[in-house]
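Please find below a colleague's note on the structure shown here.

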Amino acid sequence: MLTQPDVVRPARNTRPANRRELIVAAAADLFYRNGYTDVAMSDVADAVAIGPSALYRHFRGKQSLLATVVREALVKVDDAILTAAADAESVDVATSLAAVVIEHRGVGVLWRREARHLSADDRTAFRSEARNIGAHLAEIIARRRPELDAAQADLLSWCALAVANSVSFHSLSLPEPDFTALVSQLISSVLDAAAPDLGESVARPRDVVALTTTSRREAILVAATELFARQGFAGVSMDDIGGAVGIAGPSVYNHFDAKSDILAAAMFRGDEWLRMAMTEAFAQASDPADGLERLLRSYSRFVFDNPHLVQNLVSETGHLPDVERQRAVAAQLSYITEWVQLLRRVHPGYDPIRARIRVQAAQTMLNDVALVKHLRKHSAIESASAGIALELLT
């Protein structure tokens, strides 16, 4: 659950001076836990003990409220970085960043999962703000490590932010100050990672002529996976999917009984690919440490080859019907458990919770880097990212 230590639900029919702050905090918690599409303005109003009409005096609608929630979450992260930059001698950026993401634990999910529901103008503005956050952290890294070039500092900044935000994607915790100390240590391991070899910068135009499948079902699955990733499952219609492959929307039903069946097929295909790659990595490994590195690099190949599928695995599982959702969640947890067990064979001193926090940090980092378009232009980005992620597991 999103941590909100300073927010107390006011008594009904009272008018606290910080009502707007309470509304934003309650909305952030609800959007984080339930997802934007499953939260009504009445839910937010009830959370702060006011009527819906009073809520609309502060915000035009749910999208406006989401924009405020995302904006304030990004500002908190940027403020932590700028504070560390302004007083580098007394403020450690890793500790400062760890503290703010633990206090505002939903920031990563709100940005990665819910920002797609914003208006086009807001998305553009917030992408610019996110790039500014990355640039501010890159400046700190470059000052600390003058041996890095601008591209290397930029990659490390995005990796560090992803590691920080990995706490959004699980409910694990440790008693304080241990939790902040571990997250800070993981962020520091990225900031101090060996200079990554990014290779040459290569163009990846979307209009490159490539071979395409003749299977209509396969074409639908590929197109829908990309649409779900870009617009969210709820924001895509069967007509959208049909249009993407050159057929009428109702014709999609000749291949899938429902839109959720397309999402389920993509999810379970992704799980099977990961399982097959894991089995291959284990079969080729000479010892647990070698197996862990092979497993991590196989995961890195998967996320960079399938960024849209990764986005769906991260953010769209909740849209599956109950049985399929339970199956998908169980498959994801089982896969992570394999990593945790292997990591503990390599490092017997790691307890299960600390080991899983490390695994989640490594996977989230790779997921996020694969989804940042300007980072993908580097020819060796997959290998470079995997090398940084490996340091999180050591």
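1. Confidence. The model is predicted, and its chain has an average pLDDT of 89, with 92% of the residues scoring at least 70. Two stretches call for caution. Over residues 1-7 the pLDDT is below 50, although this stretch has 18 contacts in the model beyond near neighbours in sequence. Residues 205-209 also stay under 50, and for them the model has 1 contact beyond four places in sequence. Where pLDDT is low, the predicted coordinates should not be read in detail.

2. Domains. The chain is divided into domain 1, residues 1-195, and domain 2, residues 216-392. Taken over C-alpha atoms, the centres of domain 1 and domain 2 are separated by 24 Å. To the contact between them, domain 1 gives 27 residues and domain 2 gives 33 residues.

3. Nonpolar core. The largest nonpolar core has 130 residues, among which Ile187, Ile241 and Ile262 touch the most other members. Helix α4 (residues 62-86) supplies the largest share of this core, namely 11 residues. Both domains take part, since at least three residues of the core come from each of domain 1 (1-195) and domain 2 (216-392).

4. Helix α9. This helix covers residues 178-191, 14 residues in total, and spans 20 Å from its first C-alpha to its last, close to the 20 Å expected at 1.5 Å a residue. Is α9 mostly covered or mostly uncovered? It is mostly covered, as 10 of its 14 residues are buried.

5. Leaving aside residues up to four places away in sequence, Ile187 touches Ala94, Leu97, Ala98, Ala160, Val163 and Ala164.

6. Salt bridges at the end of α7. The whole structure contains 14 salt bridges. In one of them Arg144 pairs with Asp192, with the closest N and O atoms 2.9 Å apart. This pair links distant parts of the chain: Arg144 belongs to helix α7, whereas Asp192 lies in the loop between α9 and α10 (216-231), 48 residues apart. Arg144 counts as partly exposed because its relative accessibility is 43%, and Asp192 counts as partly exposed at 45%. Another salt bridge joins Glu147 to Arg145, the closest N and O atoms being 3.0 Å apart. Arg145 has a relative accessibility of 11% and therefore counts as buried.

7. The side chains of Asp178 and Arg354 meet in a salt bridge, at 3.6 Å from N to O. Asp178 lies in helix α9 and Arg354 in helix α16, so this pair ties together parts that are 176 residues apart in sequence. A network of salt bridges links Asp178, Asp351 and Arg354.

Conventions
Residues are numbered from 1 along each chain as its sequence is written. This is a predicted model: local features need pLDDT of at least 70, side-chain atom pairs count only at pLDDT 80 or more; totals for chains, interfaces and linings use all residues. Side-chain values use heavy atoms; hydrogens and water are left out. pLDDT is the predictor's confidence in each residue, from 0 to 100. Contact means heavy atoms within 4.5 Å. Helices (H or I, at least four residues) and strands (E, at least two) are DSSP runs, numbered from the N terminus. The expected span of a helix is 1.5 Å times one less than its number of residues. Buried means under 20% relative accessible area, exposed over 50%, partly exposed in between (1.4 Å probe, protein chains only). A nonpolar core is a set of buried Ala, Val, Leu, Ile, Met, Phe, Trp, Tyr and Cys residues joined through side-chain atoms within 4.5 Å. Domain bounds come from an automatic or database domain assignment. A salt bridge is a side-chain nitrogen of Lys or Arg within 4 Å of a carboxyl oxygen of Asp or Glu.
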